[in-house]
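Welcome! Let us walk through this structure together, one region at a time.

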Amino acid sequence: METIAELFRKRFPEPTAIQKKAMPELLQGKNALLVAPTGSGKTEAALLPVLEMVHGKPGITCLYITPLRALNRDMKKRMDWWCDHAGITHAVRHGDTSVSERGKQRAKPPQLLIVTPETLQALLVGRVMRKHLANVKHVIVDEVHELLNNKRGTQLSMGLERLAEIAEFQRIGLSATVAEPREAGRLICGARPFSVLEAGGNRGIRLEIIKAYGGERKSFERLKEFLEKEAPKRRIVFVNTRSTAEALSTYLAMEKVPVDVHHGSLSAEVRLKTEEGLRGGELQTVVATSSLELGIDIGDMEEVVQFGSPREVARLVQRVGRSGHAMHLEPSGKIIVGDYDDWMEARAIQRKFGEGFLEGREAVRGAMDVAAHQFVGLLMEMGRMKVDGAYGILNRAYAFALKPEEFRRAVKQLERERLIFLNPDGSAAIRRAGREYYFYNLTTIPKEKKYALRDSSTNRIVASLDERFVSTLTPGEFFSSKGRVWRMVELSHELLAEPASSADFIIPDWVGEDIPVHREIAQEVGRLRAGDGDAHGGRAIPDDGKIVVEIAKESVVLHSCFGTRINYTLGRVLQLRLAKRLGAEVAVATDPYRVMLKLPFPAKREWVDAALVPYDLEFDAEESLWNSSALRIVFLHTGRMFGMFGEDAMVGTKLMRLMADTPVYAEAVNTIFRKYFDLEGTKKVLVGLMKKEPELIFEEKEELSFFAMEGIRRKEEGVPSIQPREAMLKSIREEISKKPVELKCLSCGASRRTTAGNAPGQMKCHACGRSSLTLGKGGPEDQALAAAILRAYGKRGLLALSVYGVGPKTADRILSKLHKDEDLLLLELLEAQKNFIKNKKYWRA
């Protein structure tokens with residue numbers, strides 16, 4: 001067998017910069033985080049010293065942990081040549097590993113085992129595999145940056161401390177360039193000493209920004225022209241959401257442009273086929289989301305196209321780095337922008353990249369649901385043990401970060417769910433249900449479910465929505481699905497919504513997966529706006545140094561270049577405060593550059609001004625979640641992680657209020673705050689406003705400005721109106737007019753089928769001419785009352801009877817008020833419909 005040094009000389013003419021730095025350190029057994037861009041040779045820099053040290057040692061001596069199964073497969077292929085020539089056994093272990101292969105690994109464990117964080121969780125409690133893990137001397141964690149700012153990293157951080165109870169091992173992390181490498185290193189090393197070894201971080205990028213204004217269709221056409229004009233190249237077209245990936249790839253396929261698609265919702269088999277097609281050269285162009293950002297082996301791309309702003313400097317570097325893979329080549333990319341906001345954002349990202357800026361990522365610390373699960377794992381490994389002893393083990397993990405009393409609260413919750421026993425002497429033991437719970441929750445990734453979208457005007461199911469998208473909506477908010485605009489009414493086991501075409505403030509499909517924009521990027525956009533001031537006719541430009549509040553009738557647009565999370569926090573808090581003041585619903589939508597509010601009647605400056613204060617910010621932010629789907633969904637996910645709920649459980653506001661003093665509720669709120677809110681940043685903005693830093697400018701006007709309409713158009717193209725109530729009523733009226741009805745004569749028995757809109761103005765029988773028409777449904781009493789309604793109110797009566805959920809008695813009660821305005825009548829009918837739908841689920845058959 002050849003030595004690793006001999007093999008290295010065969011594959012590399014000379015070591016790369018990161019290899020020169022890292023190999024001597026790692027051969028001394030030191031802990032280290034290797035930080036270098038894609039194509040720098042950092043994988044070999046970590047792997048080869050470890051292979052040198054494991055050579056000839058029995059059992060599982062090295063664990064190689066990657067965040068994706070696809071990366072596991074690639075890493076196995078990448079290691080084959082080295083391990084086969086050096087005589088080192090290696091294998092992959094994950095959820096899809098066959099029973100026979102698992103048996104082989106138990107009987108004769110490989111020296112190097114490639115796993116995911118979730119697989120490590122399973123191995124730690126395996127009777128046989130746990131014994132094999134006692135031999136581990138080295139752990140390599142790949143793509144560490146992907147495990148920051150999510151609970152998978154939290155779980156791994158604690159899992160490594162559980163492993164440290166039976167093995168003493170060197171810890172090595174591999175990461176793309178990150179803003180705070182010490183944070184990434186602490187995630188895997190805890191308080192132990194480690195080195196940060198960096199190289200190749202100042203690599204340049206050739207970048208071109210291409211304008212394609214005119215809406216999504218125009219952007220699609222511009223990309224098609226570009227792909228057809230350019231010589232055939234192996235390229236990836238990156239998009240930011242799965243819905244865009246599907247829409248774009250479908251359009252290109254219809255236009256006969258050869259293209260494939262790759263995103264996380266596709267099956268593993270489909271993704272693997274696409275990866276192999278890219279690697280083998282059979283595919284030229286693939287439309288992909290972040291699923292192809294990581295180090296999956298697809299070969300060197302000749303070019304990367306980013307459709308729309310990449311939203312982050314770090315994402316731009318990662319994606320464009322897929323081209324010019326070798327260190328001596330310069331990565332090349334193009335950004336196709338579809339509107340003004342995209343263009344400014346892309347320019348800002350390009351400028352901040354030139355300054356060396358990267359968005360920071362912080363580890364998720366103090367997650368009580370993850371800590372509870374890890375405690376159950378320890379009980380499975382150790383048997384009966386002291387709670388304080390478990391705390392001591394887990395507290396070594398950087399991501400644990402819980403006080404003793406917080407940990408005890410989580411443990412007590414496990415006892416309430418009858419997953420563990422707590423003994424008077426401070427020890428604990430596992431119940432049988434605890435074992436099932438542990439394996440059910442091996443992953444911290446929430447188990448997704450789909451929600452049916454029901455049209456309240458027709459009572460029909462019209463679409464299926466992803467749980468993450470639904471979790472961002474609250475009653476009264478607007479969103480788009482299946483090319484239409486909707487207003488959310490209620491969430492139960494399905495999402496009830498009413499048509500609302502041409503509404504102002506619309507949240508698009510898949511908003512939950514959209515990439516957040518950092519405050520620094522948004523501020524840079526503000527600075528660019530200020531520099532372009534002359535182009536906007538000398539008006540007050542919403543820039544990095546001022547907040548401009550536009551008020552146009554019932555619409556309020558607060559221009560604030562503070563990024564996604566601060567603006568989301570501002571939007572939620574302003575919505576709550578204004579709704580409390582007015583005693584009515586207030587709709588809200590936010591983006592990185594503005595907060596958009598829709599009041600039920602014309603807004604006043606003093607209302608908004610009074611709401612822009614820093615007092616009780618955290619309290620109001622939490623209260624703003626009470627009726628939100630987001631809290632219900634996250635509370636449900638957190639409850640599952642505590643063993644409280646099954647997969648098909650539903651939760652409501654009443655249950656959450658009853659559990660407001662439990663760790664389940666506390667962790668659900670903290671999870672939302674970590675991911676979507678920036679309370680500290682928002683407080684600084686509001687405190688600054690009191691000192692006039694930034695400057696606050698109010699503008700009351702008849703029509704919203706270019707900057708405001710740009711935000712509204714981004715929520716839904718082609719939205720000129722700022723009167724959503726009228727647009728909504730028009731849409732509802734159209735829906736009702738198309739509804740089929742059967743008119744039956746009580747005198748002669750004749751009947752005819754028509755639609756509510758085409759029915760005669762005079763409700764008389766077409767056969768006998770008498771005013772004795774009724775609807776051809778219901779019992780004799782209902783039919784008699786319906787006939788009286790049609791005789792008294794004519795077509796208005798038919799409109800009322802055609803609304804789903806409004807029976808003759810309710811219609812008669814509402815019509816008797818003799819509304820002067822048909823819009824008022826329709827609004828009251830719709831309110832009655834909502835009450836019917838909400839109460840229907842409580843009726844007994």
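A disulfide is counted when two cysteine sulfur atoms lie within 2.5 Å of each other. What you are looking at is a predicted model, and by this rule it holds zero disulfides. Take cysteine 83: its closest cysteine sulfur belongs to cysteine 62 and sits 9.1 Å away, which is too far for a bond. Cysteine 83 is also buried, with a relative accessibility of 0%. Cysteine 748 is in no disulfide either, as the nearest cysteine sulfur, that of cysteine 765, is 3.6 Å away.

Now turn to helix α2, which spans residues 17–27. Its buried residues are Ile18, Gln19, Ala22, Met23 and Leu26. Viewed down the axis of α2, these buried residues fall within an arc of 105 degrees, so they line one face of the helix. The buried residues of α2 pack against α1 (4–11), β1, α3 (42–54), β6 (170–175) and β7 (195–198).

After α2 comes glycine 29, which has a positive phi near 80 degrees. Asparagine 31 then sits in the loop between α2 and β1 (32–35). Is asparagine 31 buried or exposed? It counts as buried, at 14% relative accessibility. A polar atom of the asparagine 31 side chain lies 3.3 Å from the backbone oxygen of proline 193. Leaving aside neighbours within four places in sequence, the contacts of asparagine 31 include Phe169, Gln170, Arg171 and Cys189, along with Arg192, Pro193, Phe194 and Ser195.

Next, find the open sheet of six strands, with parallel pairing and the order β8-β13-β12-β9-β11-β10. Its edge strands are β8 (206–211) and β10 (260–262), each of which pairs on one side only. On average, neighbouring strands of this sheet are turned by 20 degrees against each other, direction ignored. Within the sheet, β9 (residues 235–238) and β11 (residues 285–288) are joined in the parallel sense by four bridges, and valine 237 has valine 287 in β11 as its bridge partner. Packed on the sheet is helix α11 (residues 242–254), which touches β9, β10, β11 and β12 (303–307). The direction of α11 makes about 150 degrees with that of β11.

Stay with this sheet for one more residue, valine 337 in strand β13 (residues 332–337). Valine 337 is buried, and its relative accessible area is 0%. Apart from neighbours within four places in sequence, valine 337 is in contact with residues including Ile209, Ile210, Lys211, Ala212 and Tyr213. Asp342, Trp343 and Ala346 are also among its contacts.

A second open sheet has three strands in the order β14-β16-β15, with antiparallel pairing. Here β14 (385–386) and β15 (420–422) are the edge strands, each pairing on one side only. Three bridges join β15 to the antiparallel strand β16 (residues 427–430), where isoleucine 430 is the bridge partner of isoleucine 420. Helix α15 (residues 368–382) lies across β14, β15 and β16, and runs at about 85 degrees to β16.

Our last stop is strand β23 (residues 555–559). Five of its five residues are buried, so this strand is largely enclosed by the rest of the structure. Ser555, Val557 and His559 point one way from β23, while Val556 and Leu558 point the other way.

β23 has antiparallel partners to look for. Strand β22 (residues 546–552) is joined to β23 by five bridges and runs antiparallel to it, with valine 549 standing opposite leucine 558. The hairpin of β22 and β23 has two residues between the strands, and lysine 553 there takes a positive phi near 60 degrees. Strand β25 (residues 594–598) also pairs with β23 in the antiparallel sense, over five bridges, and there histidine 559 stands opposite arginine 594.

Definitions and conventions. Residues are numbered from 1 along each chain as its sequence is written. This is a predicted model: local features need pLDDT of at least 70, side-chain atom pairs count only at pLDDT 80 or more; totals for chains, interfaces and linings use all residues. Side-chain values use heavy atoms; hydrogens and water are left out. Buried means under 20% relative accessible area, exposed over 50%, partly exposed in between (1.4 Å probe, protein chains only). A polar contact is a pair of N or O atoms within 3.5 Å; within protein, one must be able to donate a hydrogen and the other to accept it, and residues adjacent in sequence count only if both atoms are side-chain atoms. Contact means heavy atoms within 4.5 Å. Two strands pair if DSSP finds at least two bridges between them. Axes are lines fitted to C-alpha atoms, for helices over the stretch in contact, and angles run from 0 to 180 degrees between N-to-C directions. The arc is that of the directions from the helix axis to the C-beta atoms.
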